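Let's walk through this one with a few quick questions and answers. Here it is:

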Amino acid sequence: MRVWGWGVIKENIHIFDRMMQVLQIIRDNKIVITSDLVSVFGMSKRTAQRYMSQLEQLGYVRSLPSEFGYEKRYFLTDKTKEIFGVQG
């Protein structure tokens, strides 16, 4: 059985909190690209991409290619809209 120390637990809580904030940003703006997250949170572009990839794999967001091919556009899924009580 693996025993986690407080540092690991604290880091996981921080990541969970940040991902919830990311979802709230999408909820409030309907659509985001990774550059938006870099601007809002001051995280690296790679970190923003990793967060969005993980959220997409878990079914909380979906993506569409950018109109210009630079960055994906991210939207909330019905699963996430239900959690936040978003209509439509």
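Helices here are DSSP runs of H or I with at least four residues, strands are runs of E with at least two, and both are numbered from the N terminus. Heads-up: this is a predicted model, so local features need pLDDT of at least 70, side-chain atom pairs count only at pLDDT 80 or more, and totals for chains, interfaces and linings use all residues. Residues are numbered from 1 along each chain as its sequence is written, and side-chain values use heavy atoms, with hydrogens and water left out.

Q: Which helix does K79 lie in?
A: Start with the layout: the protein chain has four helices and two strands. Along the sequence they follow the pattern α-α-α-β-β-α. K79 belongs to helix α4.

Q: Over the face of which residue does K79 lie?
A: A charge counts as over a ring if NZ of Lys or CZ of Arg is within 6 Å of the ring centre and within 35 degrees of the ring normal. K79 is 4.2 Å from the ring centre, and the ring is that of Y60.

Q: Why does K79 count as partly exposed?
A: Buried means under 20% relative accessible area, exposed means over 50%, and partly exposed is in between (1.4 Å probe, protein chains only). K79 falls in the middle class because its relative accessibility is 40%.

Q: How far is the charged end of R62 from the centre of the ring of F75?
A: This is another charge over a ring, with R62 bringing the charged end and F75 the ring. The distance to the ring centre is 5.0 Å.

Q: Which side chains meet in a salt bridge?
A: The rule asks for a side-chain nitrogen of Lys or Arg within 4 Å of a carboxyl oxygen of Asp or Glu. That gives a count of one salt bridge. With N to O at 2.9 Å, the pair is R27 and D28.

Q: What is the volume of the largest pocket?
A: On a 1 Å grid over the protein atoms alone, a pocket is an open set of points with protein on both sides within 12 Å along at least five of seven lines, where a cavity is a set of points where a 1.4 Å probe fits but cannot get out. Points are joined across faces, edges and corners, and the volume is the space filled by probe spheres set on them. For the largest pocket that comes to about 160 Å³.

Q: Which helix gives the most to the lining of the largest pocket?
A: Lining residues have an atom within 4 Å of a point; among them here are I15, F16, L55, Y60 and F84. Both α1 (6–29) and α4 (78–84) supply at least two residues of that lining. With five residues, the top contributor is α1.

Q: How many charged residues does the lining of the largest pocket have?
A: Ala, Val, Leu, Ile, Met, Phe, Trp, Tyr, Cys and Pro count as nonpolar, Asp, Glu, Lys and Arg as charged, and the others, Gly among them, as polar. The lining has ten nonpolar residues and no polar ones. The charged tally is likewise no residues.

Q: What is phi of K30 near?
A: Most residues other than glycine have a negative phi, and most peptide bonds are trans. K30 is found in the loop between α1 and α2 (34–41), and it is exposed at 59% relative accessible area. Its phi is positive, near 70°.

Q: Where is the place of E71?
A: At 15% relative accessibility, E71 counts as buried. It is 14 Å from T47 in space, C-alpha to C-alpha, and 24 residues away in sequence. Its place is in the loop between β1 (61–64) and β2 (73–76).
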